[in-house]
Amino acid sequence: MKIEMGESLFYSWLRHVKDCQIVQTNWKASPQWELQHQEELEGLYRNIDQDLQEKLGYRVFKNNSSLEQVIRQGECDALGSNIQDGQVSYYAVDVAFHESGVCYGSREETVARIIKKCVRTAFCIYGFFDSKSAEIVFASPKINPAILSDLEPCVLYINRYFAQAGFSFRFRMIGNEDFDQLVLRPILLVSEKVADTSELFMRAYQMFSMFSKNREEKNCDRSVRRECSRVESSSFQELKIGKLANTVLRSILESGNLSDEEITLLQTASYSKQFFDIQYPLLVSADAPFERARYYAKPLIIRERTYYLCSQWFEVPANNDRPFLLSWIEKHHENLLLPEQNTDNLRQAVKEFLLAIPFGRVVTYGRIAEQLGDRHLAQTVGNILNEITDERYPCYKVLNSDGKLARHYTLGGIDGQKQRLEAEGIEVIGDRVNLGKYLY
């Protein structure tokens, strides 16, 4: 991983996962800036260096003669700020990659240097941004377990040290499997909604997705691919609650896997209050009256019906909806997949199944999904059918689970579908076919 790619990765992470409105990569302090709180920082600089040496055996600033020298070396790979309700939250990230694991010399030197990076960043945030609060991250996709083990008490110590000094800094190490679950996967969860191709990492991922469709996935069992692409619940913790609702919750709702009964309940204020702790119905039908200011502007489609999703989510001590939302997602997230990379293969499988349906027989979206190995793909099957305009493929033979015709049948709507079904001797009563008689 070139450092430019690492910086771009966290540029995207800060923008789209942490919702930072302002992000800069390769941040460095200007020599023209005046350092605030210098006397207080001098005391912190001397004390933390001495304490780390006495309590944990690490001389973090042994090569620095002064606070000024430490500050002059200050930089971080990505720095972001989230501004909400007049409050600014800062995020600072250093990312490193070494093929055999992070290494800055000996094991002791590596630990000391990583801690120095984190503490120095804290000094810069307080000295230049006048903030006692920030999330400071050191991240790497590969950290030797022995080094990670040595880092844990150091990170615990600096978190406690700054807390006792009146700061709200949160120091974190993200490495190995956590790098995948807490950084990569949250970005991929929101990637479908990101159209800014100026981002290097996003552009690289989108390009990979384009050209990976016809590679090894062709010979890989679908169940294995689905298992590999399942989203771990730990990936959700990095997303702010609004992003969590508008991406993960939205995707689960649009999967088409919830029962009609639950969709109905989600449109009631009492059920939404009980399970999400929100003050409004989670879903409202597009044709029902509702306060548009309380709902996201983008509609969602569930079984061909249009709804709007509530946008009133909070995660403050006095009103924290996050545990409720996470609890509901935990019960349903097994159906949530990362953005599909093999749509062409799935589309071809659907076409082949259509050609295999006998004359005078029909199928449902769910039946096709089951034959493809996963009943949860019913919504995806519907999306694929909506894209097929080639009349060689009898899309008109595919019905809803209750035998109803598809309102959005591409070639002529319900009337066109009814005409084609009756041409095969399939009886259509109203807008429904008797599945007990004609189901393949």
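**Close-up views of ring pairs and charged pairs**

View 1. With a relative accessible area of 44%, Glu291 is partly exposed, a class that lies between buried (under 20%) and exposed (over 50%), for a 1.4 Å probe and protein chains only. The model is predicted, so local features need pLDDT of at least 70 and side-chain atom pairs count only at pLDDT 80 or more, whereas totals for chains, interfaces and linings use all residues. Residues are numbered from 1 along each chain as its sequence is written, and side-chain values use heavy atoms, with hydrogens and water left out. Glu291 forms a salt bridge with Arg294, in which the closest N and O atoms are 3.6 Å apart; the term stands for a side-chain nitrogen of Lys or Arg within 4 Å of a carboxyl oxygen of Asp or Glu.

**View 2. A salt bridge between Arg172 and Glu135.** The whole structure contains 19 salt bridges, and one of them joins Arg172 to Glu135, whose closest N and O atoms lie 2.8 Å apart.

**View 3. Arg392 and Asp390.** In this view the side chains of Arg392 and Asp390 meet in a salt bridge, with 2.6 Å from N to O. Arg392 is exposed, because its relative accessible area reaches 60%, while Asp390, at 30%, counts as partly exposed.

**View 4. The rings of Phe276 and Trp328.** Of the aromatic pairs, the structure holds 23, a pair being rings of Phe, Tyr or Trp (its six-membered ring) with centres within 6.5 Å, stacked if the planes are under 30 degrees apart, edge-to-face if over 60 and tilted otherwise. Phe276 and Trp328 have ring centres 5.5 Å apart and planes at 45°, which means that this pair is tilted. Phe276 sits in helix α11 (residues 269-276) and Trp328 in helix α12 (residues 322-332), so that the pair links distant parts of the chain, 52 residues apart. Phe276 and Trp328 are both buried.

**View 5. The rings of Phe353 and Tyr440.** Phe353 and Tyr440 form a tilted aromatic pair, with 6.4 Å from centre to centre and 45° between the planes. Because Phe353 lies in helix α13 (residues 343-356) and Tyr440 in the segment after α17 (435-438), the pair ties together parts that are 87 residues apart in sequence. Phe353 is buried, with a relative accessible area of 14%, whereas Tyr440, with 40%, is partly exposed.

**View 6. A cluster of rings, and charges over rings.** Ring pairs link Tyr45, Phe61, Phe123, Tyr126, Tyr157, Tyr161, Phe162, Phe167, Phe169 and Phe171 into a cluster. Over the ring of Phe167, at 5.0 Å from its centre, sits the charged end of Lys132 (NZ of Lys or CZ of Arg within 6 Å of the ring centre and within 35 degrees of the ring normal). Arg292, in turn, lies over the face of Tyr308, 5.2 Å from the ring centre.

Methods:
Helix = DSSP H or I, 4+ residues; strand = E, 2+ residues; numbered from the N terminus.
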